[in-house]
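Here is a brisk report on a protein model and its ligand. Keep the sequence and the 3D view open while reading.

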Amino acid sequence: MKILLATSEAVPFANTGGLGDVCGALPVEIARAGHEVSLILPAYRTARYCGLPIEPMGIEFIAPVGTKTVTGRLLRSHLDNGKVPVYLVQQDEYFDRDHLYSINGKDYIDNCERFIFFSRAVMESIRLLDLSIDVLHANDWQTGLAPAYLKILYRNLPRYEKIACLFTVHNMAYQGQFWHWDMLLTGLDWKYFNWHQMEFFGKLNLLKTGLVFADAISTVSPRYAQEIQHPPNGCGLEGVLQHRANVLYGILNGIDVEQWNPATDPYIAAHYTAETIEQGKPLCKAALQRELGFPERSDIPLVGFIGRLTEQKGVDLLVEVMKQWAEETEVQWVVLGVGDLKFQRTLEELAQRYPARVAVRLEFSAPLAHRIEAGADMFVMPSRFEPCGLNQMYSLRYGTTPVVRATGGLADTVVNASPETLAAGTANGFSFEEYSAQALDETLRRACEAWRQPDLWRQLQTTGMRQDWSWARSAREYIRVYEEITARKRAEG
Ligand code: ADP
């Protein structure tokens, strides 16, 4: 099969979060599974300095954006030693900027125009590069117009008529909404600006456009695929998703199992596997306690949190519970993250008040993230919503038992310890349903009780460590969806 993955981010060219991780890792695994996959993204400034060679291809094109005609060029790079061709759309006025989408917390004013142009460029590249693809795989609102262009403007052209289109949503909270006059820039007829297609409460909505015009939709976990068909996680588009439920798939993201491997991790104090965790992990915990200025105690649990300090991640619940526990309970806490100022301030105050129990690092640090995953006993993620989540999978791989709210990808990966799941050998962590500090408090208490029972704890750790969270597993599921949608397209004639 031949696939073109269109995205506004892919590691290492450009990355602001989950989308970039997926689009950097997935094509590599699809290619390893024997398919021809290429990637297309904007030639941002960050992409040009990412360290991989990028060459001009001598291909120039023009794309209409409203009444303007905008010139672009195609550049070429690759991933995985040349196995995945990468095409970069150069248009310096749009993409040669300091950041991807915003500056000083403000979205670039021409974001709609930039990604209309990029979606046009994606469609043109198929012709210019003579890519006889079976599947166009678009991602998030930035490429939401590509499925519409395919259906409306390109459907009768020879290279395009057989192409099936998958549209993946990485987070329903980001929809690419713009004022209605931007409809003029898309080049599509006003008749599509209606509440069944591109309009959402008077605005142009590019995520909705992708959801409506693609042949199939996927999102980044099976549970999230269910949740987004209802409020609040559908973010107003639940009706559209219910309407398309028969072609909506949930595929869990993977993790980089080479980068996140406690047997080889260069950042951690000692290496270990499921077989040697009893020797290795205590050394990592002691080293982390030293690094954080905590007393080196193996007899009290150490709980970690890494992530954006926002309400999405349940930081309001976490802070409430930490305030109480820091006063009353002998448990150590480490928080690594940046985010809302109000959370940063409260956490800093807690760390100052309880230096032997609370450590807070308000920074982005991959090495420390690895050391927390290896050194903590538990990892807490009380998210309000979580399309997939990566840290709980890193934690499972490092034998760091996750304590999570059962939402989205967290519900799909963490099996709550109960008499039944323990007997079945499937339990790998702790979870709760209700979004409340009380539910988090109770669940952490359960986890701490279990931590004091070494055999039970070992069972939870090794169950998680032996599970497969690799991108190879996710890629197999994407390939199955590609096969289904191309077969359907062929059947339609
Ligand atoms: P989201 O994409 O919603 O922010 P995910 O859990 O899917 O959340 O992915 C976030 C990624 O960023 C994870 O790999 C997490 O470890 C990492 N991360 C977030 N904040 C930090 C930080 N302060 N330092 C190091 N890594 C971080």
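Two strands count as paired if DSSP finds at least two bridges between them. β10 and strand β12 (residues 203-205) pair in the antiparallel sense over 2 bridges. The model is predicted.

**The three-stranded sheet**

β10 and β12 belong to an open sheet of 3 strands, in the order β10-β12-β11. Its pairing is antiparallel. β10 (177-178) and β11 (199-200) are the edge strands. Each has a single partner strand, so one side of each is left without a neighbour in the sheet. Helix α7 packs on this sheet and touches β10, β11 and β12. The direction of α7 makes about 55° with that of β12. Within the pairing, Gln-177 has Asn-205 in β12 as its bridge partner.

The loop between β11 and β12 holds Phe-201. Phe-201 is not a glycine, yet its phi is positive, at about 45°. Most residues other than glycine have a negative phi.

**The nine-stranded sheet**

A second open sheet has 9 strands. Their order is β3-β4-β5-β2-β1-β8-β9-β13-β14, with mixed pairing. The edge strands are β3 (55-65) and β14 (248-250), and each pairs on one side only. On average, neighbouring strands of this sheet are turned by 25° against each other, direction ignored.

Which way do β1 and β2 pair, parallel or antiparallel? Strand β1 (residues 2-6) and strand β2 (residues 36-42) pair in the parallel sense, over 5 bridges. Leu-4 stands opposite Ser-38 in β2.

Two helices lie across strands of this sheet. Helix α4 (residues 111-128) lies across β1, β2, β3, β4 (68-79), β5 (84-90) and β8 (135-139). α4 runs at about 120° to β3. Helix α7 (residues 206-213) lies across β9 (164-169) and β13 (216-219). α7 runs at about 140° to β9.

**Cis peptide bonds**

Most peptide bonds are trans. A cis bond joins Val-11 and Pro-12, with omega about 5°. Pro-12 sits in the loop between β1 and α1 (18-32). Another cis bond joins Pro-231 and Pro-232, with omega about 0°. Pro-232 lies in the loop between α8 (222-227) and α9 (238-243).

**The ligand site**

Which residues come nearest to the ligand? Of the 15 residues around the ligand, they are Arg-308, Lys-313, Glu-363, Ser-365 and Asn-391. By class, the shell has 6 nonpolar, 6 polar and 3 charged residues.

The table lists distances from an oxygen atom of the ligand to an N or O atom in a side chain.

| Residue | Distance to ligand oxygen |
|---|---|
| Arg-308 | 2.8 Å |
| Lys-313 | 2.9 Å |
| Asn-391 | 3.1 Å |

How much of the ligand's area does the protein bury? Taken alone, the ligand exposes 560 Å². The protein buries 84% of that.

Terms used:
Residues are numbered from 1 along each chain as its sequence is written. This is a predicted model: local features need pLDDT of at least 70, side-chain atom pairs count only at pLDDT 80 or more; totals for chains, interfaces and linings use all residues. Side-chain values use heavy atoms; hydrogens and water are left out. Helices (H or I, at least four residues) and strands (E, at least two) are DSSP runs, numbered from the N terminus. Axes are lines fitted to C-alpha atoms, for helices over the stretch in contact, and angles run from 0 to 180 degrees between N-to-C directions. Contact means heavy atoms within 4.5 Å. A residue is near a molecule or strand if one of its heavy atoms lies within 4 Å of it. A polar contact is a pair of N or O atoms within 3.5 Å; within protein, one must be able to donate a hydrogen and the other to accept it, and residues adjacent in sequence count only if both atoms are side-chain atoms. Accessible areas come from the Shrake-Rupley method with a 1.4 Å probe; for residues, only the protein chains shown count as cover. Ala, Val, Leu, Ile, Met, Phe, Trp, Tyr, Cys and Pro count as nonpolar, Asp, Glu, Lys and Arg as charged, and the others, Gly among them, as polar.
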